[in-house]
Amino acid sequence: MQHLIAPMEPGYGWSSGPPLDRGFGMYDCARLMDKLMSGLGFADGYAVQGGDIGSGLARILALEHNAKAINVN
């Protein structure tokens, strides 16, 4: 079975904004995305596609978290 999960970065789409009381960068966003994917049962790995800001996020997920494959544009 295949799954498609399309989360949004904080402050984009239907996502609530990032915390305003502290700094919140790409590494924080990647940590949350990885936590989401692990919580959904993909702790062993997942693929990521990202464009624009998402391309940087995809690279961080591949280098420091459990993303096994990325596609950037």
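What share of the 73 residues in the chain is buried? I looked this up first. Buried residues make up 25%. Buried means under 20% relative accessible area, with a 1.4 Å probe and protein chains only.

**Ground rules.** I noted that this is a predicted model, where local features need pLDDT of at least 70, side-chain atom pairs count only at pLDDT 80 or more, and totals for chains, interfaces and linings use all residues. Residues are numbered from 1 along each chain as its sequence is written, and side-chain values use heavy atoms, with hydrogens and water left out.

**Elements.** I found 2 helices and 2 strands. Helices (H or I, at least four residues) and strands (E, at least two) are DSSP runs, numbered from the N terminus. Along the sequence the order is α-β-α-β.

**Strands.** I checked strand S1, residues 46–50. Its side chains alternate. Tyr46, Val48 and Gly50 point to one face and are buried. Next I looked at strand S2, residues 67–72. S1 and S2 run parallel and are joined by 5 bridges. Two strands pair if DSSP finds at least two bridges between them. Alanine 47 has alanine 69 in S2 as its bridge partner.

**Overall shape.** I read off the span of the C-alpha trace along its principal axes: about 40 × 25 × 20 Å.

**Contacts.** I counted a contact as heavy atoms within 4.5 Å. Of the contacts with a separation of 6 or more, 41% come from residues 24 or more positions apart.

Key
Buried < 20%, exposed > 50% of the residue type's maximum accessible area, 1.4 Å probe, protein only.
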